[in-house]
Amino acid sequence: MSTLTGKVALITGIANEQSLAYGIAKALKARGAELVVTYVNDRTLDFIQPLLPTLEPALLIKCDVTQDGALENVFQQIDQRWGKLDIALHAIAFAPKADLHGRVVDSSREGFLQAIDISCHSFVRLAKGAEPLMKDGGTLITLSYYGAEKVVPNYGVMGPVKAALEATTRYLAVELGPRKIRVHAVSPGPVQTRAASGIPEFANMLEEATQRAPLQELVDIDDVGAATAFLCEPGAAAITGSVFYVDGGMHILA
């Protein structure tokens, strides 16, 4: 599996061994890509340290997207090391607990703006930084969820935020397409991750997916990793602007 040999991939958003970003990073590494892994702070670094021997990142860089200059520093280091970038994964999302657990109509202005900045506009900033380094084209990936399309109980303000993220994906695909930069939102089914643990009654969502999904089984981070890696491979060169579902078919049900 050397379909991505010689490619440089930026990975954001790994929190621990359950992270979707970790599954994606493993899949890209297995296909030959060199990895650049970012982490938010020292606490996050403690959680991901045990994963580093598997990923063998060429660069490990601190990056908190709420801090001015953090993303710019990442791209500067990539430019100095390789002078190019082929793949960038945006796996960053956050909403204050009160806004995530409450009604959208009750969401605070501050909380909504924080959620949209970290979860959506950071993807725009990532794309802007990646564009000049993707000299021969490339692939930008972000992570969404079905709550962007349909109302999912207890998903709160993240539903509208993920809808904005999917719309942003389409606009970026059109704007960056002439440079052969492809843009995708990958939408997994419910996976037991650290982020998902903040959603009330998440266990019920897992049970429903097992019972109702056409394939009648849950997806895991390796399923998401393999599907995402495909989008970065030559075989997906004519695909862009998609919401790519990895959910056992759950999204087709009424």
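Asp99 is buried, at a relative accessible area of 6%; buried denotes under 20% relative accessible area, exposed over 50%, and partly exposed the range in between, with a 1.4 Å probe and protein chains only. The model is predicted, so that local features need pLDDT of at least 70 and side-chain atom pairs count only at pLDDT 80 or more, whereas totals for chains, interfaces and linings use all residues. Residues are numbered from 1 along each chain as its sequence is written, and side-chain values use heavy atoms, with hydrogens and water left out.

Asp99 lies in helix α5 (residues 97-101); helices (H or I, at least four residues) and strands (E, at least two) are DSSP runs numbered from the N terminus. Beyond its neighbours within four places in sequence, Asp99 is in contact (heavy atoms within 4.5 Å) with Ser107, Ser108, Gly111, Gly156 and Val157. Asp99 and Phe112 are 13 residues apart in sequence, and their C-alpha atoms are 7.4 Å apart.

## Packing of α6 and α7

Phe112 also belongs to the set of α6 residues that meet α7, which includes Ala115, Ile116 and Phe123; among their partners in α7 are Val161, Leu165 and Leu172.

The axes of α6 (residues 109-130) and α7 (residues 158-176) come within 10 Å and cross at roughly 20°. Axes are lines fitted to C-alpha atoms, for helices over the stretch in contact, with angles from 0 to 180 degrees between N-to-C directions. The two helices α6 and α7 are therefore roughly parallel, a term for angles under 35 degrees.

A nonpolar core is a set of buried Ala, Val, Leu, Ile, Met, Phe, Trp, Tyr and Cys residues joined through side-chain atoms within 4.5 Å. In the largest, of 34 residues, Ile11, Ile14, Leu28, Leu35 and Leu89 touch the most other members. Helix α1 gives the most to this core, with seven residues. A second, separate core of 30 residues includes Val8, Leu71, Phe75 and Leu126.

Eight of the eleven residues of α1 are buried, among them Leu20, Tyr22, Ile24 and Leu28. Gly32, which follows α1, has a positive phi near 105°. Leu89 has contacts that include Ala21 and Ile24, as well as Leu126 and Ile141.

Technical notes
Parallel < 35°, antiparallel > 145°, perpendicular 65-115°, else oblique.
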